[in-house]
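These are my notebook entries, written while I looked through one structure step by step. I began with the chain as a whole and then turned to single residues.

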Amino acid sequence: MIIFSLTVGLIILLALGVPVSLSLILSGAIGYLFNMGSINGFLQLYVVPLKMSYSLSNFLLLSIPLFIMAAKVMNSSSITKKIFGFANTAVGWLPGGLGHANVFASLLFAGMSGTAVSDAAGLGSIEIEAMKNEGYDAEFAAAVTAASSTVGPIFPPSVPMVMFATVSSVSVGSLFLAGVVPGVIMTIAMMILVYVIAKKRNYPRAPFPTVKSFAKGFIDAFIPLLTPIILLVGIWTGVFTTTESAVIATAYAILISFVLYRDMSFKSLFRIFKETAIDTASIGLVVAAAAFYGWVLARSGLTVALAEWVVSVAKTPTMFLIMINVFFLIIGCFLESIAAILIFGPILVSPAVAIGVDPLVLGLVIVLNLSLGLLTPPFGIVLFITKDMAKVSFGKMVKAVLPFFVPLFGTLILITFCPQIATFLPHLLS
């Protein structure tokens, strides 16, 4: 009965539209009552807030609100416009120029924001407006924006990877490095698709840049583009921790906006503080709820049974990763990324190591699958963000984004069958 309440109960609550955090708390509490017996359970329900609050006492979690704030500062200043401007100068001369600039800018912004939603919400409005003004179909502009935002959680820094590190004891710096090559591959693969579609639809391109225009665009964006380099080098060399890198990223963004570009006011900064606090509270509640739900799930014995079943069925590392792909592709359609990582991450790390899968690859595959969930109905939040910006129907949005699953799934398959793509860089620099 406890397993029924934990699984079916959660599915029903989510289907009814109950918020993820509340669904996790309610189904977890009901499962706890069944596990303890009704009387003992009611007397010991005080463990719910205790378990939830304890789950938040992790030093790594401090980096999440700071990365969120850094992205908001960049979106509120001219930093995102300068990044998009440089991306357009660098690759806008290709057929479908602004589409390529859209994808390339997402890679550049991913090195500063850490989430797909920050990318879509920040760069998205600039990119979609620019593409529509140049004669691109609104749904294509929205689709490119949505698909390219999935690079955000893969290319470092990455908020979902920080969450995986908290439940797996894997080095965050190594996880960040593992996402570099796959992030670049995703970008190139999506640009190839944009090229094919642009040639077919005869989309415009910009003139090939002169040395002067390229140099100007690069100089304008140079200071912001140093952000991911500073973070990666600092973490890799041990100069600062992941959490400290988030502080540096935030301070760097504020310094650029106030001192260099002078387009940030104290009023805007106060608004960003307020928005960051709200977003952090929302994420914190999901983290705490998922931790409690996972604890009850472990008490039920389901996690051990699931781990044993996976090991017995998946005889090779590749088979294990295929099963993980299928599972998280489904989970990503219905469950928020952070909650999914916190619930299922701890269950799968031990079986993965036992069967020979590198935890770095496991974390990357889980995050990439859940990123694809941001593009899938019925709860793909990036779909809703970009469709509203482009003012297109949900049906047209889904249809337009379908071709982009080819390069994204292609990258996922490549990592599954050739995990050295992900492990090469962190092992080289370890």
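Predicted model: local features only at pLDDT ≥ 70, side-chain atom pairs only at ≥ 80, totals over all residues.

Entry 1, charges. With that rule I found 21 positive and 15 negative side chains in the chain, and I noted that the centres of the two sets lie 5 Å apart.

I looked up the secondary structure and found 23 helices and zero strands. The radius of gyration is 22 Å, close to the 22 Å that the globule rule gives for 430 residues, so I wrote the chain down as being as compact as a globular protein of that length. Along its principal axes, the C-alpha trace spans about 75 × 45 × 45 Å.

Among the contacts with a separation of 6 or more, 78% are accounted for by residues 24 or more positions apart.

Where does Arg-205 lie? I found Arg-205 in the loop between helix H12 (180–201) and helix H13 (211–237). Leaving aside neighbours within four places in sequence, I listed the contacts of Arg-205 as Gly-92, Trp-93, Leu-94, Pro-95, Gly-96 and Gly-97. I also looked up Ala-141, which is 64 residues from Arg-205 along the chain, and the C-alpha atoms of the two are separated by 14 Å.

How many aromatic pairs does the structure hold? There are 15 aromatic pairs, and I followed two that share Phe-86. The rings of Phe-86 and Phe-104 have their centres 6.5 Å apart and their planes at 45°, so this pair is tilted. Phe-86 lies in helix H6 (residues 79–91) and Phe-104 in helix H7 (residues 97–113), so the pair ties together parts that are 18 residues apart in sequence.

For Phe-86 and Phe-214 the ring centres are 5.8 Å apart and the planes stand at 55°, so this pair is tilted as well. Because Phe-214 lies in helix H13 and Phe-86 in helix H6, this pair ties together parts that are 128 residues apart in sequence.

Is Phe-214 buried or partly exposed? Phe-214 counts as partly exposed because its relative accessibility is 37%, whereas Phe-86, at 7%, counts as buried. Last, I noted that ring pairs link Phe-86, Phe-104, Phe-214, Phe-218 and Phe-222 into a cluster.

How values were computed. Residues numbered from 1 in each chain as written. Heavy atoms only, no water. Helix = DSSP H or I, 4+ residues; strand = E, 2+ residues; numbered from the N terminus. Rg over C-alpha atoms; globule rule 2.2 N^0.38 Å. Contact = heavy atoms within 4.5 Å. Lys, Arg positive; Asp, Glu negative; His and termini not counted. Charge placed at Lys NZ, Arg CZ, Asp CG, Glu CD. Phe/Tyr/Trp six-rings, centres within 6.5 Å; stacked < 30°, edge-to-face > 60°. Buried < 20%, exposed > 50% of the residue type's maximum accessible area, 1.4 Å probe, protein only.
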